[in-house]
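Morning, everyone. Please have the viewer open while I talk. I'll keep this brisk.

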Amino acid sequence: MLAKDPEQAARTRTAIAAEYIKKGDLDAAKRHLEQALQANPKSADANNMMGVLLQQEGSPINMQRAETYFKRAITLKPDYAQAHNNYGVYLSGQQRAAEALQQFEIAGSTLGYDGRASALLNLARTALMMGDQKRAITAFQQAINADRHSPFARLELAALLLEQGEVAEAQTQYSNYVRLVGSRPRTAADLWLGMRLARVQQDGDQLQSLADQLRNQHPSSDEYKRYMTILQTSGAAWK
């Protein structure tokens, strides 16, 4: 079978390996990927997946090997958006933000790529790590355009816009986030952002409502502790 159709054999083995990775069975995944690469060493998919596997295992020697496989996948298929995104995640984890940014730029600009919104989120967060808030805002906006039903880009964009003093637009993005989240549990971070927006807009009722939710749902959170510290030092002035 391998000799007759090595490309199909590699695709099948790689798909099986991906399922084993999802289950956390890295040993079984590695066996299938080795067979995939034996069948077709030039399989960009198999090389990319081997990089993912080795990165997930996480030991120093496998982390070094992972980079080799990501680079090989990209060399074999330069327009392979998923490999660029995966390599970017790897580089970000290695604190190589500038290199990661380049990989996310490529993945995020690849129209038709299913993971484009995720790549743009990665791009935005990496830009923030590098202190480039303007690029981060643009990337968050692009991520929203790529996936209008994902709330998280809106939340992060709202926080960044508030920091930039663009309160009205921050409130718009936050309101859209709340609408998309619907009845799902609220996080401490998003309640805290809503409180900050309410305070800036002098909406005392909204501020108190969100503060009550924060106290009831996340009493041990850093955000609630921060709120209590502010009240103790500033009192009614914060409200």
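Predicted model: local features only at pLDDT ≥ 70, side-chain atom pairs only at ≥ 80, totals over all residues.

Let's start with helix packing. Two packed helices are described by the angle between their axes and the distance between the axes. So those two values come up for each pair.

First pair: helix 1 and helix 2. Helix 1 covers residues 6–23, and helix 2 covers residues 26–39. Their axes come within 8 Å and cross at roughly 165°. Over 145 degrees counts as roughly antiparallel, so helix 1 is roughly antiparallel to helix 2. The crossing of these two helices is left-handed.

Which residues of helix 1 and helix 2 meet? From helix 1, we have Pro6, Ala9, Ala10, Arg13, Thr14, Ile16, Ala17, Tyr20 and Ile21.

Keep your eye on Ala36. Ala36 sits in helix 2. Is Ala36 buried or exposed? Ala36 has 0% relative accessibility, and buried means under 20%, so Ala36 counts as buried. What does Ala36 touch, leaving aside its neighbours within four places in sequence? Ala36 is in contact with Ala10, Arg13, Thr14 and Ala46. Now a distance across the chain. Ala36 and Gln8 are 28 residues apart in sequence. In space, C-alpha to C-alpha, Ala36 and Gln8 are 9.2 Å apart.

Helix 3 is residues 44–57. The axes of helix 1 and helix 3 come within 10 Å, and they cross at roughly 20°. An angle under 35 degrees counts as roughly parallel, so helix 1 runs roughly parallel to helix 3. Helix 1 also passes helix 3 in a left-handed crossing. Helix 1 brings Thr14, Ala18 and Ile21 to this contact. Helix 3 brings Asp45, Ala46, Met49, Leu53 and Gln56. The residues in the contact of helix 1 with helix 3 divide into 5 nonpolar, 2 polar and 1 charged.

Where is Arg135? Arg135 lies in helix 8, which spans residues 133–146. Its relative accessibility is 19%, and the cut-off for buried is under 20%, so Arg135 counts as buried. The side chains of Arg135 and Glu105 are joined by a polar contact of 3.2 Å. Not counting residues up to four places away in sequence, Arg135 touches Glu105, Leu123, Ala127 and Gln142.

Last topic: backbone angles. Most residues other than glycine have a negative phi. Two glutamines are worth a look here.

Take Gln95. Its phi is near 65°, a positive value in a residue other than glycine. Gln95 lies in the loop between helix 5 (81–93) and helix 6 (97–108). Gln95 is exposed, with a relative accessible area of 63%.

Now Gln202. Phi of Gln202 is near 55°, again a positive value in a residue other than glycine. Gln202 is placed in the loop between helix 11 (188–200) and helix 12 (204–217). With a relative accessible area of 73%, Gln202 is exposed.

That's my tour. Over to you for questions.

How values were computed
Residues numbered from 1 in each chain as written. Heavy atoms only, no water. Helix = DSSP H or I, 4+ residues; strand = E, 2+ residues; numbered from the N terminus. Buried < 20%, exposed > 50% of the residue type's maximum accessible area, 1.4 Å probe, protein only. Polar contact = N/O pair within 3.5 Å; in protein donor to acceptor, adjacent residues only side chain to side chain. Contact = heavy atoms within 4.5 Å. Axes fitted to C-alpha atoms, helices over the stretch in contact; angles between N-to-C directions. Parallel < 35°, antiparallel > 145°, perpendicular 65-115°, else oblique. Left-handed = near helix turned anticlockwise from the far one by under 90°. Nonpolar A, V, L, I, M, F, W, Y, C, P; charged D, E, K, R; others polar.
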